[in-house]
Amino acid sequence: MTSLTLNLPTSERLFSRLKTYSSAASLLLLSMLALYQNTPAQDVQPRPVARLVSSTRDLAHSRPRRVTISEEHPAGGYSRASASPSLDEATAIERRAFEKTNQVRVERGMTPLAWDAELCRMARAHSESMGRQGYFSHETLEGLQLKDRARATGIQRFRVIGENIAYNKGYDDPGGFAVERWMISPGHRANILYIGFQASAIGSYVSTDGSVYLTQIFIAR
């Protein structure tokens with residue numbers, strides 16, 4: 001009769017092997033952590049960010065609300081003396097957003113919007129106000145709403161006026177990206193595709209940290 005003997009590891013041997021495997025795994029984990037901690041900071045790129053606020057379209061012609069405004073900075077910085085840029089004088093970001101807006105309108109059989117220099121001046125002022133004062137809203141820190149800002153800029157008469165605003169950072173095409181995001185937001189899309197608007201303009205401001213603020217204004221006079 002032949003006997004069969006199985007050489008199974010004893011509990012002491014098994015425990016020793018488990019300790020060896022555990023030590024190896026710990027060393028590997030420590031090595032990975034050290035490699036991560038020694039990675040140069042510049043190799044970690046910030047994630048692009050974007051934010052949108054619901055658009056505003058107001059058919060009413062109410063009087064502007066009273067706000068406290070200093071003499072040195074009338075209407076929260078919205079001075080009539082500021083330049084009113086033509087389309088040729090628009091920045092690359094502004095021109096790109098304007099052309100992209102008209103592109104989506106034309107693709108849907110709509111009339112393209114005309115560039116309005118006064119709206120560009122107003123839009124630039126609002127984008128700069130948001131960027132310099134650190135807020136993101138259709139209403140300024142001084143309490144000026146869209147209609148108030150229009151009249152403070154010198155735009156006294158209009159049948160309808162609307163506005164989209166956007167903020168993004170880290171994109172190669174901030175103007176085009178803003179329009180793409182506006183088009184997937186019902187309120188912003190409604191402004192862009194509103195048949196009653198005749199003219200529009202974009203005003204942009206780029207902060208020192210690379211944040212891009214965009215204001216898009218539409219009007220029917």
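How many of the 10 residues of helix H5 (residues 174–183) are buried? Eight are buried, so the helix is mostly covered; buried means under 20% relative accessible area, with a 1.4 Å probe and protein chains only. These residues are Pro174, Gly175, Gly176, Phe177, Ala178, Val179, Trp182 and Met183.

The model is predicted: local features need pLDDT of at least 70, side-chain atom pairs count only at pLDDT 80 or more, and totals for chains, interfaces and linings use all residues. Residues are numbered from 1 along each chain as its sequence is written, and side-chain values use heavy atoms, without hydrogens and water.

The pLDDT is the predictor's confidence in each residue, from 0 to 100. The protein chain averages 76, and 63% of the residues score at least 70. Over residues 1–11 the pLDDT is below 50, and this stretch has one contact (heavy atoms within 4.5 Å) beyond near neighbours in sequence. Residues 54–81 also have pLDDT below 50, but that stretch has 64 such contacts. Where pLDDT is low, the predicted coordinates should not be read in detail.

The protein chain holds six helices and five strands. These are DSSP runs, numbered from the N terminus: helices are H or I, at least four residues, and strands are E, at least two.

The largest nonpolar core has 33 residues. Such a core is a set of buried Ala, Val, Leu, Ile, Met, Phe, Trp, Tyr and Cys residues joined through side-chain atoms within 4.5 Å. Met122, Ile155, Ile161, Leu214 and Ile219 touch the most other members. Helix H5 is among the elements giving two or more residues. Strand E5 gives the most, with six.

How values were computed: Buried means under 20% relative accessible area, exposed over 50%, partly exposed in between (1.4 Å probe, protein chains only).
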